[in-house]
Amino acid sequence: MPNVTNYFITNIGSQDSTISLTSPIKMPNSTGFLWNKQMMIQANCRGYVNAQFMQPEPSKYSRSPNIEATSFIQPEHKYFTHHPGRFFYIKDNESGEFFSAPYEPTRRKLDKFIFELSHSKISWQVECLGIRVDLCLSLTEQDAVERWSISVTNLSTKNRSLSIYPYFSIGYMSWMNQSATFESSLNAIVASSVTPYQKVEDYFKNKSLKDKTFLAADCTPIAWNANQNDFEGEGGLHCPDALSTASLKNTDARYDTPVAVMQFDRELNTQQQTKLNFLFGPAKDQQEIKALTDRYLPPEKQQEVQQAYDTYLAQSKGCLTISTKDKNFDDFVNHWLPRQMFYHGDVNRLSTDPQTRNYLQDGMGMCYINSSVTRQTLLTAIAQQQSNGAMPDGVLLHPEAELKYINQIPHADHCVWLPICLIAYLNETGDYALLTEQRTFSDSTVHISVSGHVDRALEYLLQARDHRGLSYIEQGDWCDPMNMVGYQGKGVSSWLSLATSYALQSWCDLLESQPDLASNSQIDKYRCAAKDINESVNDYLWDGDWFARGITDKNNVFGGKADSEGRIFLNPQSWAILAGAANVHQKRTMHQQINQQLMTPFGVMMLAPSYTQMREDIGRITQKHPGVAENGSVYNHASVFYAYSLFQEGYADKAFDVLKCMLPTTQTSNDVGQLPAFVPNYYRGAYHQFPAHAGRSSQLFNTGTVAWFYRCIVEELCGLKGCATGLKIDPKLPEHMLSISGQRIFRKAIFDFTIDQCANRNEIEIMLNGEKVAGRIISDIKAEQRYQLKIFMPKMGL
Ligand code: CEZ
């Protein structure tokens, strides 16, 4: 059911574009996110907030009013009345009426509502009872603290006596010790706690923790309340008792659940406005709170502080800007996609031990934004490789970091990503010198070259295969919860076998472009091994119309026609195409089966039908709710692999459609329920089993999709791809995109380009600064030089 007005975009296509949602009800789970190296905050349109900061492990400073389990950031985050939030009650002291901005928790019907996402701010404009409230949330360049400003304007024709109550959730801090009060010396409500522990060694470990949460204001409140239950009373958050009296009671929390509520009374003439600034966040002690408030709270500092944060986030500028007829697509590619990529590559999803596959792919994305980060990412990962070639499950990014959660489970695929991401970096930068840099191992001080480290990783993959030449899956490959296919040491993965073949062939292409790096015999050995793997996958895992997903410890093939659930998986098909393991006939039937069984209006599902019961020979994935995450959602990371494989085949239309499906639009906004400010890791699938829930966004912006999406746009759609000798031109425009123009930054040179499909051409013609280019590669590129690049290509579909 299309509804076109849920949101609108201004300055569309530029880095300053903003997305504005016009109702708190139509897309209630809509969110935006901000971050810096110390923290991440995801703010929901209704006022709920999910935030964490690093000390060094991810920690909370605003919780719900009960003990919460700590875990990695979950998809489909659920909101509920006492979910942590940042609300502002506005009361008219004459009538006693009140409402809350941005919407929760009173949920009073509003005369106007705008939830606006911009590059470095999340803001709201709300009108009710003749009062306008402008709220703005932003962060700082480098500290774990939220910056809030509120402006309240009297829109009515008479003077108003108003009370403004910021209500900031603190929640259940500790079963050992929690309290809160107002510290007049800091003009802040300060909640204090002791992180619970029982082991004596944890006392010393916890000594440095920020166990305080504070809300400081740039004006002195007339009253305050730091006690959750006392503030609510019988009225609850919808109609708190505390608002029924002229002023708050200055109530402490003493081993009660704390909250930070202040009261500011204002007499406003008509059209008069009052403004307040707040700082909210964790702190170790009062000295730190003082330092933060001095640094960030004074009104005269707001502009410079915002400028510093804007400058930090402005680093998220990608190497490509495009202009097509599809302005929503341009807006995403030019603004929101590089922003999401920078988040991944700059703060590694706020983890001190990112999964190695995530760390390398997120690093790959940075080669299109700031390639020096990618270089460091590759070297950091390589230094944690074992001398037998094995890459760790997670890369430790902090001296105190430990491998946690999924990184304690052995996964078999991490070696595959090293050559794949390294090659993307080398293509983009031409930094082939990196290959001969010497590095040690995690378990050996022997130095070998970076290319030697890659060889070790490939050798490790090649030895980790069974008698059929297929790759062992251990307790999972790219698919984390596929943990019981091979936990007894026999199960194999078609995806990992094909990914290994693809990595081997890609590495050989690289070695052939760098003749002194490797002997022909070594290249021949790798190419031969890749060929063997492709043959083995065909011998044991071609299921007649598509490739099955693997063979279990008990030697059962799964992911084929014989299965009533998990009958077809997307990844083996995409990577069979990438590895050259499928012939023309096989590709035709695979695409047909993908269209029939996996395609939905929201994109391609990663498997179907979703599992509805446990398979002890496959594992945890089968226990996930059908259509959620790996169990048959439109898992965008898998979809983008498919799009990438389609581009390799020249299927530009289909590839572009698969990419477009990943972007929320006003047309799908009711089903998807997400604003186009990021690609979520998945949209609900199980399209034929639970159609009513299909398409719903996970609202989780942590996803390896973004690096590959950008790679598809830069190197495939625009076909402006780096190689050993320069910039290779090979655009693949969908039939309906007759032209595209833009700017491509490449190895510090600027290319203003236009690409046009021309009916009267049957081969591509490239003009550089008005001169015809022989061949497809622009070489001898000068840094800081600006080039005019005109590309004329045959019309697609003719
Ligand atoms: O994590 C992702 C990983 O970060 O799952 C992907 C995997 O390729 C990524 O590296 C596919 O399995 O443990 C679980 O069940 C979770 O579902 C994780 O697998 C998943 C997180 O939900 C983040 O999406």
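**Close-up 1. K624, E630 and N358 at the ligand.** In this predicted model, an N or O atom in the K624 side chain sits 2.5 Å from a ligand oxygen. E630 also reaches the ligand through its side chain, with an N or O atom 2.6 Å from a ligand oxygen. For N358, a polar side-chain atom lies 2.6 Å from an oxygen of the ligand. The protein covers 91% of the 490 Å² of accessible area that the ligand has on its own (areas by the Shrake-Rupley method with a 1.4 Å probe).

**Close-up 2. The shell around the ligand.** Here 15 residues surround the ligand (each has a heavy atom within 4 Å of it). The closest are N358, W478, R620, K624 and E630. Sorted by class, the shell has six nonpolar, three polar and six charged residues (Asp, Glu, Lys and Arg count as charged; Ala, Val, Leu, Ile, Met, Phe, Trp, Tyr, Cys and Pro as nonpolar; the others, Gly among them, as polar).

**Close-up 3. D331 in helix 5.** D331 belongs to helix 5, residues 327-347 (helices are DSSP runs of H or I, at least four residues, numbered from the N terminus). D331 counts as buried because its relative accessibility is 1% (buried means under 20% relative accessible area, with a 1.4 Å probe and protein chains only).

**About the model.** Residues are numbered from 1 along each chain as its sequence is written, and side-chain values use heavy atoms, with hydrogens and water left out. As the model is predicted, local features need pLDDT of at least 70 and side-chain atom pairs count only at pLDDT 80 or more, while totals for chains, interfaces and linings use all residues.

How values were computed
A polar contact is a pair of N or O atoms within 3.5 Å; within protein, one must be able to donate a hydrogen and the other to accept it, and residues adjacent in sequence count only if both atoms are side-chain atoms. Helices (H or I, at least four residues) and strands (E, at least two) are DSSP runs, numbered from the N terminus. Buried means under 20% relative accessible area, exposed over 50%, partly exposed in between (1.4 Å probe, protein chains only).
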